[in-house]
Amino acid sequence: MSSHTRSLEDAADQILNTLKHFLQVDTLFITACDGQGSRIIRAFNRHETWMQSNIPLSLLHSYSNLIAMHTEPSLRIPNLLLDQRTASLAITKQLGARSLIGVPIKSDKQVVGTICALHADPIHLDDSQLAFVESLASFFGYVVELENASVTDSLTGLYNRRYLSHLHFNGSDKQFSVMFIDIDDFKEVNDSFGHDFGDLLLLQIAARLKQNVRKSDVLVRYGGDEFVICFQHLVGNQDIDFVAGKIKESFNEPFSIDGHAIRISASIGISSTHGTSNSLKNLISDADQAMYGIKQNEKNL
């Protein structure tokens with residue numbers, strides 16, 4: 001593999017470019033799982049067979065999920081219409097009698113994606129050929145580990161600011177609401193008790209924030225004592241205001257660290273698309289400005 005691999009997309013491009021020559025199949029696609037769920041990273045269609053049938057890419061996740069749940073190193077189905085696991089799937093009914101070979105991509109023994117091949121005729125791979133595909137899956141799993149490490153905050157385990165760039169460039173079709181949270185007077189905690197104590201407090205803050213958001217929401221440690229939450233599919237301001245209220249209320253309960261009861265508060269700014277085309281970057285900037293305005297008003301009271 002090239003030394004110029006910079007992202008999951010780069011790795012997927014290289015793998016598909018290799019496999020399309022190695023496997024003479026109609027369709028190849030690679031999926032990955034992240035905080036936003038499973039997504040198809042790259043797809044190759046030799047004859048654009050399912051593109052011409054107007055089959056949504058999202059339907060292919062049915063096969064990816066099946067592979068991810070399979071306990072063997074690979075899954076082989078000679079005829080999707082004749083296999084009870086796939087015959088009733090909507091994608092199979094549209095594709096018809098095709099064969100499938102899928103290899104799970106693993107990281108730390110967890111399935112984090114799949115490499116899938118579809119063909120009109122049964123796919124015949126000997127052990128050495130299948131081992132080659134499995135090696136590519138292992139390579140991709142390694143890239144996933146590197147990618148996860150690069151977008152994860154080392155202290156809290158939340159996403160870091162780099163992940164927001166990923167959302168910005170890969171989620172342009174999504175509409176977000178953004179909450180910018182700044183912990184009030186956090187510097188005084190570090191000055192009074194030390195940075196190790198402050199780190200323990202940040203860990204508890206992160207855990208408390210997690211309790212008040214959905215799994216589909218993106219929780220980011222933006223800076224030292226700043227957090228950003230990106231929400232999808234919130235109906236209106238009343239929903240995000242409700243979440244903001246829950247978070248502020250959760251901070252009313254003191255944090256207990258090394259026998260010390262610490263009370264803190266937070267300033268929260270909010271911005272939302274509501275049908276407009278504002279970029280995620282602009283939404284974060286707007287929420288930051290809103291938070292700053294609220295903080296200044298609170299100081300003036």
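At what angle do helix H7 and helix H8 pack, and how far apart are their axes? Before the answer, a word on ground rules: this is a predicted model, in which local features need pLDDT of at least 70, side-chain atom pairs count only at pLDDT 80 or more, and totals for chains, interfaces and linings use all residues. Numbering runs from 1 along each chain as its sequence is written, and side-chain values use heavy atoms, with hydrogens and water left out.

Now the answer: H7 (residues 186-193) and H8 (residues 195-211) pack at about 135 degrees, with axes 7 Å apart. Axes here are lines fitted to C-alpha atoms, for helices over the stretch in contact, and angles run from 0 to 180 degrees between N-to-C directions. H7 and H8 are therefore oblique to each other; angles under 35 degrees count as roughly parallel, over 145 as roughly antiparallel, 65 to 115 as roughly perpendicular, and the rest as oblique. On the H7 side, the residues that meet H8 are Phe186, Val189, Asn190 and Phe193, and their partners in H8 are His195, Phe197, Gly198, Leu201 and Leu202. Contact means heavy atoms within 4.5 Å. That set divides into six nonpolar, three polar and no charged residues (Ala, Val, Leu, Ile, Met, Phe, Trp, Tyr, Cys and Pro are nonpolar, Asp, Glu, Lys and Arg charged, and the others, Gly among them, polar).

Stay with the rings for a moment. Rings of Phe, Tyr and Trp (its six-membered ring) pair if their centres lie within 6.5 Å, with planes under 30 degrees apart called stacked, over 60 edge-to-face and the rest tilted. The count comes to five aromatic pairs. One of them, Phe193 with Phe197, is stacked, at 4.5 Å centre to centre and 20 degrees between the planes. Phe193 is partly exposed at 38% relative accessibility, whereas Phe197 is buried at 6%; buried means under 20% relative accessible area, exposed over 50%, and partly exposed in between (1.4 Å probe, protein chains only).

The charged end of Arg161 sits over the ring of Tyr222, 3.9 Å from its centre, and Arg208 lies over the face of Phe255 at 3.6 Å from the ring centre. The test asks for NZ of Lys or CZ of Arg within 6 Å of the ring centre and within 35 degrees of the ring normal.

Zooming out, the protein chain has 10 helices and 11 strands, taken as DSSP runs numbered from the N terminus (helices H or I, at least four residues; strands E, at least two). Of its 301 residues, 47% are buried.

Another helix pair is H1 (residues 8-22) with H5 (residues 127-150), whose axes come within 10 Å and cross at roughly 170 degrees. That makes H1 roughly antiparallel to H5. Among the residues in this contact are Leu8, Ile15 and Phe22 of H1, and Phe132, Leu136 and Phe140 of H5. By class it has 13 nonpolar, two polar and one charged residues.

Over in helix H3 (residues 61-69) you'll find Leu66, buried with a relative accessible area of 14%. Neighbours within four places in sequence aside, Leu66 is in contact with Leu75, Ile77, Arg85 and Thr86.

Last stop, the loops. Lys109, between strand S4 (99-107) and strand S5 (110-119), has a positive phi near 70 degrees and is exposed at 81% relative accessibility. Asp185, in the loop between strand S6 (176-183) and H7, has a positive phi near 55 degrees.
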